[in-house]
Amino acid sequence: MAKFFGCIQVGEYTRAISEKRGKFHKELKPGCHCVPWFCGYQIVGRVSMKTQYIVVRCDYKTKDDVFVTVVASIHYGVLDVPDKNNAKKAFYVHSDPKSLIEAHSFSAVKTAISSYTFDQLFEKKDDLAVTVNKKLTENISADYGFGNFKTLVLDIAPDEYAKRIIRLTNAAPKMAVALTGATFPK
C-alpha cells in the first residue's frame with residue numbers, strides 16, 4: 001500500500017537515485033521518503049555506500065628485467081561528501097565501476113612495479129601500496145565519485161626462471177662446501 005502512495009524506504013549504507021521525468025532529481029539518503037510516481041518521480045537505482053574490494057593480479061617486469069606477479073587487494077567505496085553528489089557520479093558516469101577501478105589499479109600497479117628493482121620490490125611493499133592509493137585517488141575520485149582507496153599487497157612472486165636462478169644462487173655456497181670437503185676414490 002505504501003508503494004501505491006509513493007512512500008519508499010532507503011536502507012542504511014545506501015543511496016537511492018531519484019529522477020523526475022527521466023532527469024536526475026536528487027540522491028535520497030537512508031530513511032523514509034515520499035516519491036510520488038503520479039507526478040513523474042521514480043527511483044531508478046540504488047548505490048551501496050559500503051566498502052567493496054577487488055583483487056588485481058599484475059604480471060610485469062621490474063627495473064632490472066625480472067618478471068614478477070603482484071597480487072593486490074584494493075578496497076574502495078563511494079565518497080560520502082555533502083553537496084558533491086558522488087552517488088550520482090557512481091551511478092551515472094560509468095556502467096561498470098568495478099572494471100573501471102580494476103583497469104586503473106592494474107595500470108597503477110604496473111607503473112609502480114617498473115620503478116623498483118627486484119630486491120627493492122620486496123623491501124618497499126608498503127611504498128608500492130601507497131603509490132597505488134595515490135594514483136587511484138588522483139585518477140578516479142574527482143570524476144567518478146569513488147575514493148577511500150586502501151591497497152594491500154598480498155603476494156609478490158617472480159616467474160619460474162627467476163625462482164630457479166634464486167634457488168641455484170642460494171644452493172651454490174652449500175654445494176661448494178660439500179664438494180671441497182668430499183674425498184674422491186683413487
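## Contacts, cores and ring pairs in a predicted model

Beyond its neighbours within four places in sequence, His-25 is in contact (heavy atoms within 4.5 Å) with Ser-18, Glu-19, Lys-20 and Tyr-41. His-25 is found in strand E3; helices (H or I, at least four residues) and strands (E, at least two) are DSSP runs, numbered from the N terminus. With a relative accessibility of 34%, His-25 counts as partly exposed; buried means under 20% relative accessible area, exposed over 50%, and partly exposed in between (1.4 Å probe, protein chains only). The C-alpha atoms of His-25 and Ile-43 are 9.7 Å apart in space, and the two residues are 18 apart in sequence.

This is a predicted model, in which local features need pLDDT of at least 70 and side-chain atom pairs count only at pLDDT 80 or more, while totals for chains, interfaces and linings use all residues. Residues are numbered from 1 along each chain as its sequence is written, and side-chain values use heavy atoms, with hydrogens and water left out.

**Overall layout**

The protein has five helices and eight strands. Their order from the N terminus on is β-β-β-β-β-β-β-α-α-α-α-β-α. Of the 186 residues in the protein, 34% are buried. Among contacts with a separation of 6 or more, 64% are between residues 24 or more positions apart. The accessible surface comes to about 12,000 Å², and carbon and sulfur atoms hold 56% of this area; accessible areas come from the Shrake-Rupley method with a 1.4 Å probe, and for residues only the protein chains shown count as cover.

**Nonpolar cores**

A nonpolar core is a set of buried Ala, Val, Leu, Ile, Met, Phe, Trp, Tyr and Cys residues joined through side-chain atoms within 4.5 Å. The largest one has 33 residues, and Val-70, Phe-146 and Phe-149 have the most contacts inside it. At least two residues of this core come from each of E6, E7, H1, helix H2 (97-114), helix H3 (118-123), helix H4 (125-144) and E8. Another core, of six residues, lies apart from it and includes Ile-8, Ala-16, Leu-28 and Val-35.

What is Phe-146 in contact with, leaving aside its neighbours within four places in sequence? The list is Tyr-76, Gly-77, Val-78, Leu-79, Ala-90, Pro-97, Ile-101, Ile-140 and Ser-141.

**Aromatic pairs**

Rings of Phe, Tyr and Trp (its six-membered ring) pair if their centres lie within 6.5 Å; planes under 30 degrees apart count as stacked, over 60 as edge-to-face and the rest as tilted. By this rule there are five aromatic pairs. Two of them are tabulated here.

| Pair | Centre distance | Plane angle | Class |
|---|---|---|---|
| Phe-24 and Tyr-92 | 6.1 Å | 90° | edge-to-face |
| Tyr-76 and Phe-146 | 5.7 Å | 75° | edge-to-face |

Phe-24 lies in strand E3 (residues 23-28) and Tyr-92 in helix H1 (residues 86-92), so their pair ties together parts 68 residues apart in sequence.

In the second pair, Tyr-76 is in strand E7 (residues 67-78) and Phe-146 in strand E8, 70 residues apart, and the pair links distant parts of the chain. Both Tyr-76 and Phe-146 are buried, and the relative accessible area of Tyr-76 is 2%. Not counting residues up to four places away in sequence, Tyr-76 touches Lys-50, Thr-51, Gln-52, Tyr-53, Ile-54, Lys-98, Ile-101, Phe-146, Gly-147, Asn-148 and Phe-149. Between Tyr-76 and Thr-51, 25 residues apart in sequence, the C-alpha to C-alpha distance is 5.5 Å.

**Surface patch**

Tyr-53, Val-55, Leu-152 and Leu-154 form a nonpolar patch on the surface, together giving about 400 Å² of accessible area. Strand E6 (52-61) and strand E8 (146-158) are the elements that each give two or more residues to the patch. Patches are made of residues with over 30% relative accessible area and no salt bridge, where like charges are joined within 9 Å and nonpolar side chains (Val, Leu, Ile, Met, Phe, Trp, Tyr) within 5 Å. A salt bridge is a side-chain nitrogen of Lys or Arg within 4 Å of a carboxyl oxygen of Asp or Glu.

**Backbone**

Most residues other than glycine have a negative phi. Tyr-13, which is not a glycine, has a positive phi of about 60°. Tyr-13 lies in the loop between strand E1 (7-10) and strand E2 (14-20) and is partly exposed at 48% relative accessibility. Asn-148 also has a positive phi, near 55°. Asn-148 is found in strand E8 and is exposed, with a relative accessible area of 53%.
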